[in-house]
Amino acid sequence: MTRRALATLATLATHLLLAGAALAAEPTLTIRADQPGPVIHRNIYGQFAEHLGTGIYEGLWVGPGSKVPNVRGWRKDVVGALKALKVPLVRWPGGCFADEYHWRDGIGPRSKRPVKINTHWGGVPENNAVGTHEFFDLVEQLGAEAYVNANVGTGTPQEAAEWLEYMTGEGEATIVQQRRMNGRDKPFRVHYYALGNETWGCGGNMRPEYYADLYRHWATFLKTPAHNRPQFIASGGNDRDTTWTEVLSKSIRHNFDGIAHHAYTFPSGKWEGKGAAAGFPEAEWIGLLSQVGKIDAVLTQSRAVLDKNDPKKRLALYFDEWGSWYDPEPGSNPGFLVQRNTLRDALLAGLHFHVFHAHAERVKMSNIAQMVNVLQAMILTSKDQLALTPTYHAFALHIPFQDATALPVTLEHNPVYQLGGTQMPGLSASAARGKDGKLYLSLINANASQSSELTLRVGAQAPRSVKGHVLTAAAMDAQNELGKPTQVQPQPFEAQAAEGQLRLRLPAKSLVVVAVEG
Ligand code: AHR
């Protein structure tokens, strides 16, 4: 063989090797449909509505006399959109507001209720028009469960015990008669009752040991008819801190069903100078999305703590505040936590869902902050207008995952998405067997500029096809603004197997949810 022929052969071999390596490096996703995991509790898709800014007043409640169409004061358009989202649960009245809320201010004729100042959020008047009866009217209109958060910070054990008795009592006690006189004969169904919120901070700046003793004391007096006993929740830690999980799970025994944990995400990763909700550079796109890794880490660690202190797995983890938090929207009251909601938020929500599904054995509820007009909202309103945010669509696409059975997935050759010093997995996936028996798959391509192809398998087989929706847009900060054309909404997505392989092309910055066939 001549030297030239040898050189050609060597070049060819190199090309073949490179091509082989490229093929081997293609992402492959395998769904282990034969290894069912825990049920993904529908309350993982729960919501949070606090007396904060226009989250309740204006956004949801306009009052029965309003020109905005309403049912007993609750906006028809917003409630309709939330019903379509199959909201399974609403947490109320806070948040930090809960530890300044006295429930007796919110019962009886609305005209006689006291006006207070919402000192935590914006210093605005709170006329208590929305109280216990109105809240339960809302959740009953939605067909959702009720999560009531009691006041520990400025309340008393008597006040917390009596609120529960007022809501759930059945007998002749005066407090129950009072509920009847206020228009409700049948007890309210309270599914969850928490003592305090962020007791490490706005709820009283406590130490976990002090709060654990306080919880033991207060919980002693929480009594209800057996068939209307809520899950009782202790206020837990924040962000990466699992000390509270450790102390609470070791020290409390009675009337204790779960621990609440909070973790928000900021593009900069810092509380001061969080970053803008829109008009951001790619560094802040990946900066925000990459932080979902910390949610996974804190849940892994919390589960390890609970497995040690609660091996019988009686206690649940309730991730009852999460979501994006940006610098205040220019021109808005900083205490109202108004922020734009973009495609980035939709992907952030999807990444959280994947993590919550993966930890569904312990995580039995999560509540995004917050449902309307506040932080990472589902819906934005102004007067009689309404816009469904990209986050709304992320929730809507995942409806089949409510009460579905989680299925493990393996993702080989997951491309790394890197920008500057920040990196994260390029692709994320979660699969489940829906209550309807179908196999559902949720996929995210976090890369802001590159599409990705992946090969899909169910066990060793290539499925026949997938069909569902994709959520993406041209700009990272595409959003649905009030009174303007919609920019972000799900579009049909499907793919068929060819030559024994099912390959999916995920556009850059996309969320895809499909039913897998065959
Ligand atoms: O969701 C806004 C606030 O964030 C809540 O009131 C508080 O619990 C948290 O710090």
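Predicted model: local features only at pLDDT ≥ 70, side-chain atom pairs only at ≥ 80, totals over all residues.

User: How far apart are the sulfur atoms of Cys 96 and Cys 202?
Analyst: They sit 2.2 Å apart, and the two residues form a disulfide. The pair links distant parts of the chain, 106 residues apart. Cys 96 is in the loop between strand S5 (89-92) and strand S6 (116-118). Cys 202 is in the loop between strand S9 (192-195) and helix H6 (208-219).

User: How many disulfides does the structure hold?
Analyst: One.

User: Is Cys 96 buried or exposed?
Analyst: Buried, because its relative accessible area is 9%, under the 20% cut-off.

User: And what does Cys 202 count as?
Analyst: Partly exposed, at 28% relative accessibility.

User: Switching to the ligand. Which residues come nearest?
Analyst: Glu 50, Cys 96, Glu 198, Tyr 264 and Glu 321, out of 15 residues around the ligand. So Cys 96 turns up here as well as in the disulfide, given the 4 Å limit for being near.

User: Which polar side-chain atoms lie by a ligand oxygen?
Analyst: One belongs to Glu 198, 2.8 Å from an oxygen atom of the ligand. Tyr 264 has one at 2.7 Å from a ligand oxygen. For Glu 321, an N or O atom in the side chain is 2.7 Å from an oxygen atom of the ligand.

User: How much of the ligand's accessible area does the protein cover?
Analyst: 94% of the 280 Å² that the ligand has on its own.

User: What's the make-up of the shell?
Analyst: Eight nonpolar residues, four polar and three charged.

Technical notes. Residues numbered from 1 in each chain as written. Heavy atoms only, no water. Polar contact = N/O pair within 3.5 Å; in protein donor to acceptor, adjacent residues only side chain to side chain. Areas by Shrake-Rupley, 256 points an atom, 1.4 Å probe, with all protein chains shown as cover. Nonpolar A, V, L, I, M, F, W, Y, C, P; charged D, E, K, R; others polar. Disulfide = S-S within 2.5 Å. Helix = DSSP H or I, 4+ residues; strand = E, 2+ residues; numbered from the N terminus. Buried < 20%, exposed > 50% of the residue type's maximum accessible area, 1.4 Å probe, protein only.
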